[in-house]
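Please walk me through this structure in the viewer, one selection at a time. At each stop, tell me what to select and what is there.

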Amino acid sequence: MAEVAEAGAPPRSARLRIARLRVSAAFWRWPWLKLTLLLAAPVAAFAVVYLGALTSLFVSSFWEVDSFTGKIIHTWTLSNFSTLIHEKVYRDIALRTLWMAAAVTLTDIVLAFPLAYFMARIAAPRLRAALFVMVLLPLWSSYLVRIYAWRTILAKDGVLNWVLNGLGLPDAGLAYTNTAMWIVFSYVWLPFMVLPVYAALERIPDNYLEASSDLGARSWRTFRRVILPLALPGIVAGSIFTFSLTLGDFITPALVGGAGSQFIGNVVEEYIGINGNVPFAAAFATVPVIVMAIYLVVARRVGAFEAV
Amino acid sequence: MSQARKRYLAWAAAAALTGALAVAAAGCGGSSGKSASKTTTSNLPSSIGPGEGALNLIEWPFYSDPSFANKFEQQTGCKIHRKDAGSSNQMVALMRAGGGGGGGQWDLVSASGDASLRLIKGGDVKPVNVKLIPSWNDFIPIFKSPAHNTVDGVHYGVSVQWGPNVLLYNTKKIKPGPTSWAALYDPKYKGQITIPNNPIQIADGAFYLEHSQPNLGIKDPYELNKKQFDATIALLKNQRKLVKLYWNYDTDGRAALANGDASLAAIWPVDTLALQAKKVPVKEVIPSVGATGWADTWMLAKKAPHPNCAYKWMKYVTTPPVEAKQALVFGETPVNPKACPFMDKIQAGSCAKYHLNEPLGYYNTIKFWKTPIADCGNGKHDCMDYNQWQTAWTQVTG
């Protein structure tokens, strides 16, 4: 109908073209407009979904629970944090969690570095592909299944003790201990360390190593002065994964840990599940957030976020 | 704009955003708090209307086993959707998700005594008219209005089944078999013991002290004053050194027993049956002093979307033949004594095996789970409440 009424107007396709030109001219004239439109959705999602959850966590950690009804009282108090600081058990649990995260990270660095080095710089392409598949293979199955598998390996009547006894050795007695947790954590997070270290090592140009040896450096010195500094960002990036994943876990302690294997995550889960004490759980959950913030600042100092 | 200025602006924006979100969060919380404190006077239904075609249950596994639930679905047209819970805590968490009261999603929850009072005090369940459940009149008297599901004469559900917490041991590894709860506190069995990871477990310690240290004056293991509580916690802290595993789900405890990691456990009869079915050499005992126990209640969610189907279900599962079937599927005891002949018909001698034919005095030896509260009936409010139990339990196991 519009076409009929405006007989003298340009045809529809031409008008569309003009409109398009106007839009692109506007984008050219005000560059911020394009940026705003492009980023609006992700920024909104980030602010509401991502920061929103963290903020509500932080806010609720200053509330309290009525012990009789289990309802949350919305008055501001620091009592949750003071309990956390003054009760020995929570300090023990927080320290245990931190220690485990650090131990698992170190173990994974030691295990992943030689493997990643071999994959990146020595292995032939076919072997490299095969190794890649083997590193990634565990990620194809559920994390829970792999933890249960470890439980049957480490059990008293399990595979490990069966092999040890066959060799005439005594039982390892690892089931339901912190050592069992350490083994399982190091296993499940290993791929998250191998991949970034591999990426960092692969990008070291061969001629750097040649230059190093031309200048008379032996292999140890080349490793210490050339390879390690260039691989460091990859190691730090991997350690962020292994450290934070261990810090936030509660399933592994619940399934392979024994008496005295509680993590921060387990306490959080119990406080929310048992008596709905969300404020206390939130207060305890801010501990790993703070630890990770410090960790990331240190990692930045080390240069983990700069491209090699 | 200089780099420094830009960075300032970015920080200011982030701070403003966080502040705005904080205010929003606080606002949301505030409004929900107000609506929760509003008291709703619920009118009990006087009859059961036509079914709504669906019934959503939070249940212990097998509490709506198809062997008896299929018939219910055919009779009433209420299609059952079930969510199996592994622990009392998970049940409470599920009921409180989505704004509490079952979140408008769940109709009934098969809460045990350590969860039921929490659900009542938290306003997650609503009163039930027991006159609409004909079998209720036949119940063993103590299950008609037990303290864990009836408050001030108001029923928040109907009892369904109960069972004791038993002492289980591996007959090949523990010789001779223990006959007393003292075994769970005996250094002889260090590293072989598994115990539920549940604050209500403190009551087991108190129950043991009630008999081994009468001078503490413990009358009810769920009503402990400071002195009695501290003595119990000291006992449990010593026990922790002996414990191999605090199991979260009974299936975890079962696995530890089956794999040889534990040989002595505080666990449930259902686990004894499951382990024996797998040919694990275990035996359960209830020491002569008695035991703590659990009694489950079908409780009606405050925001139940299918209340008629829920009433129909409560009516159905408490009838003698269904009580008998469920008891033998799960390995527990009915609250309706008329189920006895039906049990024996399915499995000869099972009525006596599950203690359904015991005199009423027998029930005095079973201390049923109930959520501890500060008011323990002496007018002094000096008992340890569930929050304190929870905190102490974290200190024992942490």
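A residue counts as exposed when its relative accessible area is over 50%, as buried when that area is under 20%, and as partly exposed in between. The model on screen is predicted.

**Stop 1: an exposed loop residue**

Select B:Asp152, in the loop between strand S4 (150-151) and strand S5 (154-155) of chain B. Its relative accessibility is 76%, over the 50% cut-off, so B:Asp152 counts as exposed. Most residues other than glycine have a negative phi. B:Asp152 is not a glycine, yet its phi is positive, at about 50°.

**Stop 2: another positive phi**

Go on to B:His355, which sits in the loop between helix H12 (350-353) and strand S14 (366-368) of chain B. Here too phi is positive in a residue other than glycine, with a value near 65°. B:His355 has a relative accessible area of 23%, and is therefore partly exposed.

**Stop 3: a cis peptide bond**

Most peptide bonds are trans. Select B:Lys175 and B:Pro176 together: the bond from B:Lys175 to B:Pro176 is cis, with omega near -10°. B:Pro176 belongs to the loop between strand S7 (166-170) and strand S8 (193-196) of chain B.

**Stop 4: the interface**

Show both chains. What does each chain bring to the contact? Chain B contributes 42 residues and chain A contributes 41 residues. Together they bury about 3,400 Å², and 55% of this is on carbon and sulfur atoms. On the chain B side, select B:Lys244, B:Asn387 and B:Gln390; these supply 14% of the area that chain B buries against chain A, more than any other three residues.

Eight residue pairs are in polar contact between chain B and chain A. To see which elements of chain B take part, colour by secondary structure. By class, the side of chain B that touches chain A has 17 nonpolar, 17 polar and eight charged residues.

**Stop 5: the salt bridge between chains**

Side chains of opposite charge can pair when their charged atoms come close. How many salt bridges cross the interface of chain B and chain A? The rule finds one. Select A:Arg151 and B:Asp252, whose closest N and O atoms are 3.2 Å apart. A:Arg151 lies in helix H7 (residues 143-154) of chain A.

Are the two partners buried or exposed? A:Arg151 counts as buried because its relative accessibility is 9%, and B:Asp252 counts as buried at 4%. Now show what surrounds A:Arg151. Leaving aside neighbours within four places in sequence, A:Arg151 is in contact with A:Tyr176, A:Leu255 and A:Val256 in chain A, and with B:Asp252 and B:Ala255 in chain B.

**Stop 6: salt bridges within chain B**

Over all chains, the structure holds 12 salt bridges. One of the pairs to select is B:Lys79 and B:Glu73, with the closest N and O atoms 3.8 Å apart. B:Lys79 is partly exposed, with a relative accessible area of 46%, whereas B:Glu73 is buried, at 18%.

Next, select B:Glu223 and B:Lys370, which meet in a salt bridge at 3.6 Å, N to O. B:Glu223 is in the loop between helix H5 (202-212) and helix H6 (226-240) of chain B and B:Lys370 is in the loop between S14 and H13 of chain B, so the pair ties together parts that are 147 residues apart in sequence. B:Glu223 is partly exposed at 27% relative accessibility, while B:Lys370 is buried at 19%.

**Stop 7: the nonpolar cores**

Select B:Leu55, B:Trp313 and B:Trp389. Of the 121 residues in the largest nonpolar core, these three touch the most other members. Helix H9 (residues 307-317) of chain B gives the most to this core, with seven residues. Not counting residues up to four places away in sequence, the contacts of B:Leu55 include B:Phe72, B:Ile80, B:Leu108 and B:Trp313.

A second, separate core has 18 residues. To find this core, select A:Met119, A:Val197, A:Ile204 and A:Ala231, which are among its members.

**Stop 8: along a helix of chain A**

End at A:Pro31, in helix H3 (residues 31-60) of chain A. A:Pro31 counts as exposed because its relative accessibility is 55%. From A:Pro31 to A:Val43 the separation is 12 residues in sequence and 18 Å in space, C-alpha to C-alpha.

Note on methods
Residues numbered from 1 in each chain as written. Chains lettered and ligands numbered in written order. Predicted model: local features only at pLDDT ≥ 70, side-chain atom pairs only at ≥ 80, totals over all residues. Heavy atoms only, no water. Contact = heavy atoms within 4.5 Å. Buried area = accessible area lost by both parts, 1.4 Å probe. Salt bridge = Lys/Arg side-chain N within 4 Å of Asp/Glu carboxyl O. Polar contact = N/O pair within 3.5 Å; in protein donor to acceptor, adjacent residues only side chain to side chain. Nonpolar A, V, L, I, M, F, W, Y, C, P; charged D, E, K, R; others polar. Core = buried A, V, L, I, M, F, W, Y, C linked by side-chain atoms within 4.5 Å. Buried < 20%, exposed > 50% of the residue type's maximum accessible area, 1.4 Å probe, protein only. Helix = DSSP H or I, 4+ residues; strand = E, 2+ residues; numbered from the N terminus.
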